[in-house]
Amino acid sequence: PLQKIELESILPQQKWNDIGGYEHIKKKIKQVIEWPIIKHETYKKLGVEPSSGILLYGPSGCGKTLMVRALVTESHMNVICIDGPKIYSKYLGDTEKTIRDLFKRARQIIPCIIFIDELDSIASKREWDCNNSNGVNERVLSTLLNEMDGIQDLKQVFIIGCTNKPDQIDDALLRPGRFDQLIYVELPNELERLNILQIISKKVLFNNDINLNKLSKKTNLFTGADLENLIRESGLYALRENILSTKIYNKHIELILKNKIKTLK
Ligand code: ATP
């Protein structure tokens with residue numbers, strides 16, 4: 001069995017089925033990353049180069065990180081996590097060295113996924129950086145580009161970047177062979193919100209006056225994280241009302257929802 005090696009942060013276990021909605025995105029991620037490993041020979045016979053990088057972008061709280069966690073958990077591949085802002089250092093050469101070391105490690109533990117969260121913090125467009133600290137960003141970016149080109153031939157190291165600011169990512173990173181699969185993880189639609197609420201409802205005790213269909217209709221513009229938060233706050237409210245309470249009632253959700261919708265407007 002593969003040994004799971006995680007650096008920089010721990011990725012908790014996650015199952016694909018516990019992510020509500022986004023079926024097309026889940027399928028696409030599995031195709032891009034898992035197929036080249038499982039169907040290695042088919043790719044070779046066809047002479048088709050698999051992609052080596054996915055960029056997941058979109059609003060915060062829509063499940064980008066969850067999807068990477070599910071991929072890692074269910075594919076049993078190794079993972080190296082890079083938290084963009086955390087590895088960024090102003091000291092000469094520090095960030096570049098960290099990136100080189102992490103890619104080197106990834107090459108030693110194939111098949112491996114390199115997950116870069118908040119990619120924009122280490123790969124912003126060169127024009128954004130004219131006032132930047134002594135060209136650090138420029139050097140970090142070129143190290144990243146070099147390393148990404150270096151893993152292309154291996155075909156067993158994949159890189160997934162996440163960002164809420166895709167317009168700030170340098171174009172050079174989006175060329176073929178780098179992050180060539182761009183996947184937009186948008187706000188969940190009504191059906192997706194229902195799926196997410198159904199998943200959340202397995203973890204809490206709802207009274208039977210709660211109608212998830214109606215709730216998903218009323219939560220337009222809510223992200224998965226907003227829905228999770230809505231239910232959590234409703235639960236806390238139920239407890240404040242009665243510390244012995246064992247269930248969340250519709251009235252608790254309605255009250256919290258009213259305030260949240262006001263803030264969203
Ligand atoms: P950021 O860009 O800020 O990192 P993100 O898109 O990576 O955000 P996640 O960290 O994956 O968002 O999601 C935050 C939390 O919201 C999750 O831990 C989960 O509780 C909940 N959540 C978000 N989307 C979903 C979903 N589709 N299904 C179930 N829970 C979800």
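Residues are classed as buried under 20% relative accessible area, as exposed over 50% and as partly exposed in between (1.4 Å probe, protein chains only). Helices (H or I, at least four residues) and strands (E, at least two) are DSSP runs, numbered from the N terminus. The structure is a predicted model, in which local features need pLDDT of at least 70 and side-chain atom pairs count only at pLDDT 80 or more, whereas totals for chains, interfaces and linings use all residues. Residues are numbered from 1 along each chain as its sequence is written, and side-chain values use heavy atoms, with hydrogens and water left out.

Strand β2 (residues 78–83) is largely enclosed by the rest of the structure, because five of its six residues are buried. Strands are taken to pair if DSSP finds at least two bridges between them. By this criterion, β2 pairs with strand β3 (residues 112–117) in the parallel sense over six bridges, and N78 has C112 of β3 as its bridge partner. Strand β1 (residues 53–57) is likewise largely enclosed by the rest of the structure, since four of its five residues are buried. Five bridges join β1 to β4 in a parallel arrangement, with I54 partnered by I160 of β4. β1 also pairs with strand β5 (residues 181–184), again in the parallel sense, over four bridges; here the partner of Y57 is Y184.

Y22 is placed in the segment before α1 (23–38) and has a positive phi, near 55 degrees, in a residue other than glycine. With a relative accessibility of 2%, Y22 is buried. E118, which is not a glycine either, has a positive phi of about 50 degrees; it lies in the loop between β3 and α6 (136–151) and is partly exposed at 38%.

The structure holds eleven salt bridges, each defined as a side-chain nitrogen of Lys or Arg within 4 Å of a carboxyl oxygen of Asp or Glu. In one of them, E147 and R107 have their closest N and O atoms 3.2 Å apart. This pair links distant parts of the chain, with E147 in helix α6 and R107 in helix α5, 40 residues apart. E147 is buried at 11% relative accessibility, whereas R107 is partly exposed at 33%. Another salt bridge joins K218 to E254, with a closest N–O separation of 2.6 Å. It connects helix α8 (residues 212–218), which holds K218, to helix α10, which holds E254, and the two residues are 36 residues apart.

The largest pocket contains about 580 Å³ of space. A pocket is found on a 1 Å grid over the protein atoms alone, as an open set of points where a 1.4 Å probe fits, with protein on both sides within 12 Å along at least five of seven lines; lining residues have an atom within 4 Å of a point. The volume is the space filled by probe spheres set on the points, which are joined across faces, edges and corners. Of the 28 lining residues, G61, C62, G63, L66 and A225 are the closest to the centre of the largest pocket. The largest share of the lining, four residues, comes from α3.
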